[in-house]
Amino acid sequence: MRLERIDLRVVRLPLRGRFETSVGACHEKVCILVEAHAEGVSGWGECVAETEPSYSAETVETAWHVLRDFLAPLVFAHEFADASETRTCFSRVRGNRMAKAALEMALWDWHACARNIPLHRLLGGTRASVACGVSVGIAPSVDALIHEVEGYLGQGYRRIKVKIRPGWDIAPLEAVRARFGDVPLMADANSAYRLDDLKLLQQLDAFDLMMIEQPLAHDDIPDHAILQKQLRTAICLDESIRHVDDARHALDAGACRIINIKPGRVGGLEESRRIAALCAARGVPVWCGGMLETGVGRGHNLALATLDAFIMPGDTSDSRRYFEEDITEPRATMDSDGVIPLPDNGYPPCRERLARFTERVLTLKP
Ligand code: OSB
Ligand code: MG
């Protein structure tokens, strides 16, 4: 197969609530969607780069530039037998993994549609449903947090992740433990601490967290190794894992005991499978993270999370946790037992809603 046309579009959707982390707050989702066309079939991908370079160095605008000027020409020149080839097709472009992932996932989706196989089966997934956790942003008060968590537990979520930062760590975690007993609980610091904060981080051991996600700098594996030796709580790396070699280095160094795989962060589904295989071979648990994706990216995350290695509930929440209206039909919907059953035909966008949420479109041809 050779691609005949690629549409890049920027979409903007309001979030149902403000989402705040240690790096900033947002009230809307702005991202690039990629539609890859060939042989009358189209495949969709979503770029997780945000408008600001705070979670990662990539932004919507850098990804737009790299997709238009470098990645699209590479795929137009390549004859594809399989979507897994995209990874090597892009190997001459350094970094820019969020841009790469968007087009790579569109190619996976295209192959699944063209072969009439559910994407999760094409990827080698063995489950047909995915267990869900939920990521709870920094709240205006401890009472507001407790109220929000109560709602999520009532809906069936199987794991609660609380965003923390200096000044919003002990109190919220202590309150959630006191109010909800031994619910599966974890914290995500998004790189808000330094090794100097060791005493504070050791105090978190008292809360029996499943893990603490990315406590230290986004690009620092060695300091996480020093920290892990002095914590009882497992460290899970997110930002620090850009590709399978980072995962291997982190595990070899003892920098983490769990890995959060986001296909949008690591360059796509093929790289995600490699990280998952490495972790499975070493007995390291993985789970699928998220970046507040629309239905398009959420569908890819859910498909990936059906692989055997994904043994922990991920940030693969119900679409309604984020959006009043989502772009896809159907939208990801969680049962009362905390799992999302995957539809055989995936999550294709609805053209009418797409048109309403699109800010700009660019059509590329070979
Ligand atoms: O660190 O996992 C993160 C959202 C945006 C950017 C980074 C992160 C997050 C989340 C929310 O934690 C995950 C989700 O529900 O999609
Ligand atoms: Mg994280």
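Sorted by class, the residues in the shell around ligand 1 come out as eight charged, five nonpolar and three polar. Keep in mind that this is a predicted model.

**Who sits around the ligand**
- There are 16 residues around ligand 1, and the ones that come nearest are Ser-135, Lys-163, Asn-190, Leu-292 and Tyr-322.
- As for pockets, the space that ligand 1 takes up is the largest one.

**Polar contacts to ligand oxygens**
- Asn-190 puts a polar side-chain atom 2.7 Å from an oxygen atom of ligand 1.
- Lys-163 has a polar side-chain atom 2.9 Å from an oxygen atom of the ligand.
- For Lys-161, an N or O atom in the side chain is 3.1 Å from an oxygen atom of ligand 1.
- On its own, ligand 1 has 380 Å² of accessible area, and the protein covers 98% of that.

- Where the two domains touch, domain 1 brings 37 residues to the contact and domain 2 brings 45 residues.
- Back at the ligand, domain 1 and domain 2 each supply at least three residues to the shell around ligand 1.

Methods: Residues numbered from 1 in each chain as written. Chains lettered and ligands numbered in written order. Predicted model: local features only at pLDDT ≥ 70, side-chain atom pairs only at ≥ 80, totals over all residues. Heavy atoms only, no water. Near = heavy atom within 4 Å. Polar contact = N/O pair within 3.5 Å; in protein donor to acceptor, adjacent residues only side chain to side chain. Areas by Shrake-Rupley, 256 points an atom, 1.4 Å probe, with all protein chains shown as cover. 1 Å grid on protein atoms, 1.4 Å probe; cavity = no way out; pocket = protein on both sides within 12 Å on 5 of 7 lines; lining within 4 Å. Sits in = over half its atoms within 2 Å of the grid points. Nonpolar A, V, L, I, M, F, W, Y, C, P; charged D, E, K, R; others polar. Domains from an automatic or database assignment. Contact = heavy atoms within 4.5 Å.
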